[in-house]
Amino acid sequence: MPTLSLHLSRLVRNKNHIGKLLTPSKALKTRRGVCVLSPTCWHVQHRPVSCQRSSMGQLSTANMCTSSVSDKDMTNWLWCVYNETKRQTEDLIPVISNNFVNPDTIFANNEMSLQDIEIYGFDYDYTLAFYSSHLHTLIFNIARDILIHEHRYPEGLKEYEYIPDFVIRGLHYDVQKALLMKIDAFHYIQLGTVYRGLHPVPDKEVIAMYEGSHVPLEIMSDFYGKSSHGHTMKQFMDIFSLPEMTLLSCVNDYFMKHNIDYEPVHLYKDVKEAIGDVHVKGIMYRAVEADIEKYICYGEQTHAVLKKLSENGKKMFLITNSPLDFVDRGMNYIIGKDWRDLFDVVIVQADKPGFFNDRRKPFRRVTDKGVLLWDRIHHLEKGQIYKQGNLYEFLRLTGWRGSKVLYFGDHIYSDLADLTLKHGWRTGAIIPELRNEIGIMNTEEYVHTMTWLQSLTNLLEHMQVHRDATSQAVIQQWVREREDMRLQAKNIFNAQFGSLFRTYHNPTYFSRRLSRFADIYMASLSCLLNYDLQYTFYPRRTPLQHEAPFWPEQTSAGAMNIPFQNHGTK
């Protein structure tokens, strides 16, 4: 985390901190006295001297440079180092706390200059239009009722309501075992985040089911996160999938609570179909259009971003899977009736990600009344609305190719993956969850927890070389403290699944895909208002594990508490 690394690195990086504590012939200063290490003892026998407390509560030195050190001496010395490490860590916290991460920052995975961007493309849902929490409740309730009335599921399911903070995006669902879980970038399950229904599965049971905590590649979801062709893991990457995961969990919970036998695969397919019907049958669209102020957050800043790009002569296009009436109603509310004037090309019901791979589907023009015209399309004209089509035809008709195009979307797979891997477009991920997570990272509780957690981890790394029983008894106490703190750090974000971006220490599977498929990422499009259109985004150069940190670790420009007017506001 940038806030911590800038200052904490001075304490723990390159073995500096522990190295200083263990430097022979130097005094270990504490608040209550001095603990001195014997130079001969450390070099020759690799055994430390003890730090003993006098009756006055002060630490005094006992130079025990002998072939053996008493258990009491060893215990005292280890706790002496522990306490000094903690003291130095606590001294850093006020400094770290004053350097918060700005949630309006644009974060870079890959170097990119806006000066090179001539064309800007956008998804609609959760990119141009942001929705209130009421929408997830709506989707959950409609899909639940579809299960009851059309799939003949028990009426008792009506007792379940949407639980807003139960799940997070990016989770995996084992279709055959009916388990929801978080997996890290190395395919390891984060123990403690595996749920069957609404209840956690004990770690021992998880390890027994998977013969460890690693998930083999052959059962992971396919490239787009789907469960198909023998893959039993489905990954939920869409923000719209939050009510789907919650509904799966609630139905599983009901069946287990009432001892009802069921086939997990069929349950998954029924829930998936019910959620799909909410969209495909237009139920959600009609509900949102009927009460748009309840479901859509007013997009004044979205309008400002589009206006800024237009005034600077940038081409813009919209490619969305949503239907025309829904998009038109939302854009009228967010921007106004002249919203089409801002876009050079508008494509609805594009059927992404198929749009980016299928070469067969032609474009069709749609009239303002929704009538589909069957004339062959030779040009994509400004002010017109087009349906379906494919990216290859889009590239042929517009000539908008390569790194001069920047496309924004919220779905890592459906919106961004193909564009960056196959077509060389620049990509920007919209991650609304960033605002909440950065807000948490800026709290004193989080800074305190993570600063000490990293220091304690470094302490364990260095002290593990003491294999005697006395030392290991102390070290195991530290291990248990570290486990407790890791759980505490997880729960700060979400009691069930923790942070969207990290397991206990590794990046999540979601984070790995985000860093691969998005050149830049941000909480919302409004972040663009803080940068001029010649701005270059530079990713932080953090040392690889085998590299010495000769350079100072830097955060993304603007991430720390620096006035944004320095960026320019053209």
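Leaving aside neighbours within four places in sequence, phenylalanine 122 is in contact with Leu128, Leu306, Leu309, Met316, Phe317, Leu318, Ile319, Phe343, Tyr407, Phe408 and Leu525, where contact means heavy atoms within 4.5 Å. The model is predicted, so local features need pLDDT of at least 70 and side-chain atom pairs count only at pLDDT 80 or more, while totals for chains, interfaces and linings use all residues. Residues are numbered from 1 along each chain as its sequence is written, and side-chain values use heavy atoms, with hydrogens and water left out.

**Confidence**

- The average pLDDT of the protein is 86, and 82% of the residues score at least 70; pLDDT is the predictor's confidence in each residue, from 0 to 100.
- Over residues 1-67 the pLDDT stays under 50, and the model has 154 contacts beyond four places in sequence for this stretch.
- Residues 552-558 also have a pLDDT below 50, and beyond near neighbours in sequence they have 22 contacts in the model.

**Nonpolar cores**

- The largest nonpolar core has 90 residues, and Phe122 and Phe343 are those with the most contacts inside it; such a core is a set of buried Ala, Val, Leu, Ile, Met, Phe, Trp, Tyr and Cys residues joined through side-chain atoms within 4.5 Å.
- Helix α5 supplies the largest share of this core, nine residues; helices (H or I, at least four residues) and strands (E, at least two) are DSSP runs, numbered from the N terminus.
- Another core, of 74 residues, lies apart from it and has Ile347, Ile377, Tyr407 and Trp452 among its members.

**Helix α9**

- Within α9 (residues 283-290), Met284, Tyr285 and Val288 are buried, a class that means under 20% relative accessible area, with exposed over 50% and partly exposed in between (1.4 Å probe, protein chains only).
- Seen down the helix axis, the buried residues of α9 fall within an arc of 100°, so they line one face of the helix; the arc is that of the directions from the helix axis to the C-beta atoms.
- Exposed residues Arg286 and Ala290 are carried on the face of α9 turned away from its buried side.
- The cover over the buried residues of α9 includes α5 (134-149), α8 (264-280), α10 (292-295), β14 (296-297) and α12 (324-334).

- Strand β17 is joined by four bridges to β18 (residues 385-388), and the two run antiparallel; the bridge partner of arginine 364 in β18 is lysine 387.

**Loops and backbone geometry**

- Most residues other than glycine have a negative phi, and most peptide bonds are trans.
- Glutamate 211, which is not a glycine, has a positive phi of about 55°; this residue lies in the loop between α6 (203-210) and β13 (233-235) and is exposed, with a relative accessible area of 77%.
- Aspartate 351, also not a glycine, has a positive phi of about 65°, sits in the loop between β16 and β17 and counts as partly exposed at 40% relative accessibility.
- The peptide bond from lysine 352 to proline 353 is cis, with omega near 5°, and proline 353 is found in the loop between β16 (345-348) and β17 (363-366).
- Glutamine 534, in the loop between β21 (520-522) and β22 (536-537), has its C-alpha atom separated by 5.2 Å from that of leucine 114, although the two are 420 residues apart along the chain.

Definitions and conventions. Two strands pair if DSSP finds at least two bridges between them.
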